[in-house]
Amino acid sequence: MSIYPSMKLIENWFSERYSDNLQLSFRVSDQLLSVKTDFQRIDVFETYDFGKLLSIDGTVQLTEKDEFVYHDMITRMPFYYSDTPPENALVIGGGDGGAAGELLKLGLKSITNVEIDGQVVEVCKKHFPSLTASFNDPKVNLVIDDGIKYVNNSKEKFDMVIIDSTDPVGPAEDLFNEKFYSNVYRILKDGGVVVTQSGSPFYQPRAIELANKGMKKSFPYVASYVAFIPTYPSGFWSFTMAKKSEIKLRTEKVQNGNYFNLEIARSSFALPEFAKKLTL
Ligand code: SAM
């Protein structure tokens with residue numbers, strides 16, 4: 001027995017650094033993979049409290065335990081705020097397959113998923129097979145390409161465009177600018193919705209500001225909404241949607257998720273003052 005009763009054996013931790021002075025740490029039992037691709041560094045950890053965790057460039061992308069919040073809110077919100085039930089969608093990013101999976105549950109007939117980094121898909125197939133199962137469905141067309149280039153060249157029009165990307169640095173930087181959103185406007189059908197994840201209003205004010213400013217240049221109706229995602233910085237996360245027509249909820253035949261329901265659909269647009277200011 002140790003002569004130091006409070007001494008612990010060696011412990012391993014994965015930490016996402018928010019600043020030089022602040023980090024969120026997960027105690028991990030194993031590091032399952034670490035790979036450097038042409039675009040980014042990908043790591044997978046087995047954590048004690050959140051199951052497997054996918055990190056890209058040191059930032060949490062998803063965990064088995066709380067991915068449902070993010071994937072509900074990036075799919076069901078635009079689905080029920082579209083003027084009519086959407087039939088086709090374009091997902092940009094989303095190489096884990098989680099967004100495509102939720103869209104299949106909502107009954108979409110065709111989903112094009114454009115992910116820039118094929119290695120994200122391969123890693124997720126190995127470690128998050130229940131999410132990537134969506135890519136085996138014939139209704140899902142997985143394209144490995146830059147989403148910006150894809151949108152620029154697309155002749156097809158979509159009922160929903162879902163930007164399920166990393167934060168506005170590196171390959172995702174230009175997914176937050178007004179030129180990109182003006183191309184999204186061109187390929188979005190009239191009653192449709194475009195939505196992007198727009199970061200933590202508290203720790204990453206730039207993402208929600210960029211999304212609002214950029215979308216407002218092209219779209220008459222833009223609004224940010226928020227969700228509680230425990231493993232993202234501050235746990236308080238934003239998404240920003242835009243439409244060519246009024247942002248109005250469709251309440252018929254609503255399919256709840258594990259987070260999403262009608263009360264959430266209505267109340268998630270309520271922003272505290274500090275966050276509202278970032279959207280003006
Ligand atoms: N849930 C996540 C979050 O907000 O932290 C997003 C997850 S998903 C894994 C993000 C994906 O966006 C990454 O796999 C990344 O490779 C992809 N991505 C980044 N820039 C992209 C681009 N320009 N075109 C297509 N995919 C892109």
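Colleague: How many residue pairs are in polar contact between domain 1 and domain 2?
Modeller: This is a predicted model. Both residues of a pair must reach pLDDT 80 or more to count here. Between domain 1 and domain 2, the number of such pairs in polar contact is four.

Colleague: Which strand supplies the largest share of the side of domain 1 that touches domain 2?
Modeller: Strands β1 (12–19), β2 (22–36), β3 (41–47), β4 (52–56) and β5 (59–63) each give at least two residues to that side. The largest share is six residues. Those six come from β2.

Colleague: How many nonpolar residues does that side of domain 1 have?
Modeller: Sorted by class, the side of domain 1 that touches domain 2 has two charged residues and three polar ones. Its nonpolar residues number 15.

Colleague: What area is buried between domain 1 and domain 2?
Modeller: In contact are 20 residues of domain 1 and 16 residues of domain 2. Carbon and sulfur atoms give 69% of the buried area. The total is about 1,700 Å².

Colleague: Which residues of domain 1 lose the most area to domain 2?
Modeller: Three residues stand out, together making up 27% of what the domain 1 side buries. They are Y18, F39 and K52.

Colleague: How many salt bridges are counted between domain 1 and domain 2?
Modeller: A salt bridge needs a side-chain nitrogen of Lys or Arg within 4 Å of a carboxyl oxygen of Asp or Glu. Between these domains the count is zero.

Colleague: Which side chain has an N or O atom 2.9 Å from a nitrogen atom of the ligand?
Modeller: Of the 25 residues around the ligand, Q40, E115, D146, G147 and Y232 come nearest. For D146, a polar side-chain atom lies 3.0 Å from a ligand nitrogen. Q61 instead has a polar backbone atom 3.2 Å from a nitrogen of the ligand. The side chain at 2.9 Å belongs to Y232.

Terms used:
Residues are numbered from 1 along each chain as its sequence is written. This is a predicted model: local features need pLDDT of at least 70, side-chain atom pairs count only at pLDDT 80 or more; totals for chains, interfaces and linings use all residues. Side-chain values use heavy atoms; hydrogens and water are left out. Contact means heavy atoms within 4.5 Å. Buried area is the accessible area (1.4 Å probe) that two parts lose on being put together, summed over both. A polar contact is a pair of N or O atoms within 3.5 Å; within protein, one must be able to donate a hydrogen and the other to accept it, and residues adjacent in sequence count only if both atoms are side-chain atoms. Helices (H or I, at least four residues) and strands (E, at least two) are DSSP runs, numbered from the N terminus. Ala, Val, Leu, Ile, Met, Phe, Trp, Tyr, Cys and Pro count as nonpolar, Asp, Glu, Lys and Arg as charged, and the others, Gly among them, as polar. A residue is near a molecule or strand if one of its heavy atoms lies within 4 Å of it.
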